[in-house]
Amino acid sequence: MLSIEEAVKARHSVRVYQKKSIPEDVIKQLNEFIEECNREGNLHFQFLEDAGNTFNRLLNKAMGLGSAPSVIACIGEDDPTLDSRIGYYGEKIVIFAQQLGLNTCWAGTYNKKNVKAAIADNERLAIVIAIGYGENQGRVRKSKSVAQVIQGEEKDMPDWFIKGVETALLAPTAINQQKFMFVLKDGEKVEIIDKGGVLSQIDCGIVKYHFEVGSGRKI
């Protein structure tokens, strides 16, 4: 099994999937991990073994997501922190899925009415994650440099901070926008600045998880 650090480096968005079901023992491990994240993050993520018509829109079919056998519905009690928590814990689940040999893709375009999840009146479905066995392992995408996403000079920053930012730059973001900045205050405190854009709060949650993996520090 890959380490978390290895899985972060190996994981890329995958849009085309094999016609292969996820084995029951793998589903069990995945569901146990999802429940752990739900408890820790006060969320209501749900693994739906049959993606059904979640990705039946023409755009999804053209991009390949129509082949995804399963989906994770990213749900939680609706409050101002929901999107960032969904990003953080959703990416934690995505990386665990990679460790299990699965492939994933965060998907902001999908048919909400066809997502067969249990959603309470005070909850919101923010996004979904396609999951299954990919036809390939995805590809490395173009990325900004460390210098482009930090305030200050790279040479003046501690190694742990630079490693965290480098790992954050491996994180998936909506339409690869990478609209975030890292600020180091007083040599210890790290702040992520959300520069806006499509699903940017979810992106910042994803990026936060990656930074913590790379730096070995909670922020």
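Predicted model: local features only at pLDDT ≥ 70, side-chain atom pairs only at ≥ 80, totals over all residues.
Residues are numbered from 1 along each chain as its sequence is written, and side-chain values use heavy atoms, with hydrogens and water left out.

Strands E1 and E2 run antiparallel and are joined by 3 bridges. Here, strands (E, at least two residues) and helices (H or I, at least four) are DSSP runs numbered from the N terminus, and two strands pair if DSSP finds at least two bridges between them. E2 (residues 70–77) also pairs with E4 (residues 123–132), again in the antiparallel sense, over 8 bridges. If you look at Ser70, you'll find Ile131 of E4 opposite.

Now step back to the whole sheet. It is an open one made of 4 strands, in the order E1-E2-E4-E3, with antiparallel pairing. The edges are E1 (46–48) and E3 (103–107), each of which pairs on one side only. From one strand to the next, the twist averages 25 degrees. How enclosed is E2? Of its 8 residues, 7 are buried (under 20% relative accessible area, with exposed meaning over 50% and partly exposed in between, using a 1.4 Å probe and protein chains only), so E2 is largely enclosed by the rest of the structure.

Next, find helix H5 (residues 159–168), which is mostly covered, with 7 of its 10 residues buried. Those are Trp160, Phe161, Ile162, Gly164, Val165, Thr167 and Ala168. What covers them includes helix H1 (4–10), strands E5 (180–185) and E6 (189–194), and helix H6 (200–215).

How do H5 and H6 cross? Their axes come within 7 Å and cross at roughly 135 degrees. Axes are lines fitted to C-alpha atoms, for helices over the stretch in contact, and angles run from 0 to 180 degrees between N-to-C directions. H5 and H6 are therefore oblique to each other, since angles under 35 degrees count as roughly parallel, over 145 as roughly antiparallel, 65 to 115 as roughly perpendicular and the rest as oblique. On the H5 side, the contact (heavy atoms within 4.5 Å) is made by Trp160, Phe161, Lys163, Gly164, Val165, Thr167 and Ala168. H6 brings Val207, His210, Phe211, Gly214 and Ser215.
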